[in-house]
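Take a moment with the fold shown here.

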Amino acid sequence: MTRRAAMLAAALLAGLLGAAQGGTYRVQAGDTLWEIARAHGTSVGALLQLNGRSSQTIRVGEVLQVPERGAPTIRATSLAPAAAPVFQQGQAVYYGGRAHPQTTMTAAHLSLPFGTWVRVTHARTGRSVDVMINDRGPFGVQSRVIDLSTNAARALGILSEGVAPVTLSVLSRP
């Protein structure tokens with residue numbers, strides 16, 4: 001059984017048994033905030049708000065507040081306080097990436113200067129990843145605004161999709 005399937009099964013079982021944890025979730029090894037939020041019908045941003053946090057770092061054994069069972073879906077009312085404005089919207093694709101000594105989270109963009117850090121946010125899931133621009137592309141399809149390295153695409157959850165709707169926010173320029 002996959003980790004996600006086990007987590008969803010546990011959430012369903014807790015709901016059927018009266019939700020003994022009613023409103024809390026204890027972080028298990030291998031959990032991600034995205035999976036926890038999805039299993040509880042909320043977004044990562046809303047989960048962070050509910051717990052009064054800005055950091056997405058979680059630790060095994062930590063107890064998080066989660067929406068009550070049967071409560072309406074909760075969405076974040078805003079992004080993190082220091083969120084950068086949206087620079088561009090379009091589609092992201094992934095390619096092998098160009099190696100860089102500082103990070104494996106790299107990307108190609110047609111016009112942003114090399115060394116620019118960009119936050120790429122999946123429009124449907126709310127997952128995001130910070131990448132450094134170190135290559136040029138994508139070429140050929142105007143709706144495609146960024147090519148992600150394989151590691152960045154994996155972190156964003158788009159390896160199986162291939163192409164995904166995203167927004168780009170510039171975090172820093174060289």
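This report covers the barrel, its nonpolar core and one arginine.

The model is predicted. Its sheet is a closed barrel of 6 strands, in the order β3-β7-β4-β6-β5-β8. The pairing is mixed. Neighbouring strands are turned by 45° against each other on average, direction ignored. Strands of a sheet pair through backbone hydrogen bonds, either parallel or antiparallel. In which sense do β3 and β8 pair? They pair in the antiparallel sense, over 6 bridges. Ala92 stands opposite Ala164 in β8.

These are some of the strands and their residues:

| Strand | Residues |
|---|---|
| β3 | 88-94 |
| β5 | 117-122 |
| β6 | 128-135 |
| β7 | 144-148 |
| β8 | 163-172 |

Now the core. The largest nonpolar core has 19 residues. Val120, Val131, Ile146, Leu148 and Val166 touch the most other members. Two or more residues come from each of β5, β6, β7, α4 (150-156) and β8. Strand β8 gives the most, with 4 residues.

Val120 has contacts beyond its sequence neighbours, including Val131, Ile146, Leu148 and Val166. Val120 also touches Arg127.

Where is Arg127 found? Arg127 sits in the loop between β5 and β6. Is Arg127 buried or exposed? Arg127 counts as buried because its relative accessibility is 19%, and the cut-off for buried is under 20%. Beyond four places in sequence, Arg127 touches Trp34, Val120, Thr121, His122, Arg154, Ala155, Leu156 and Gly157.

Conventions. Residues are numbered from 1 along each chain as its sequence is written. This is a predicted model: local features need pLDDT of at least 70, side-chain atom pairs count only at pLDDT 80 or more; totals for chains, interfaces and linings use all residues. Side-chain values use heavy atoms; hydrogens and water are left out. Two strands pair if DSSP finds at least two bridges between them. Axes are lines fitted to C-alpha atoms, for helices over the stretch in contact, and angles run from 0 to 180 degrees between N-to-C directions. Buried means under 20% relative accessible area, exposed over 50%, partly exposed in between (1.4 Å probe, protein chains only). Contact means heavy atoms within 4.5 Å. A nonpolar core is a set of buried Ala, Val, Leu, Ile, Met, Phe, Trp, Tyr and Cys residues joined through side-chain atoms within 4.5 Å.
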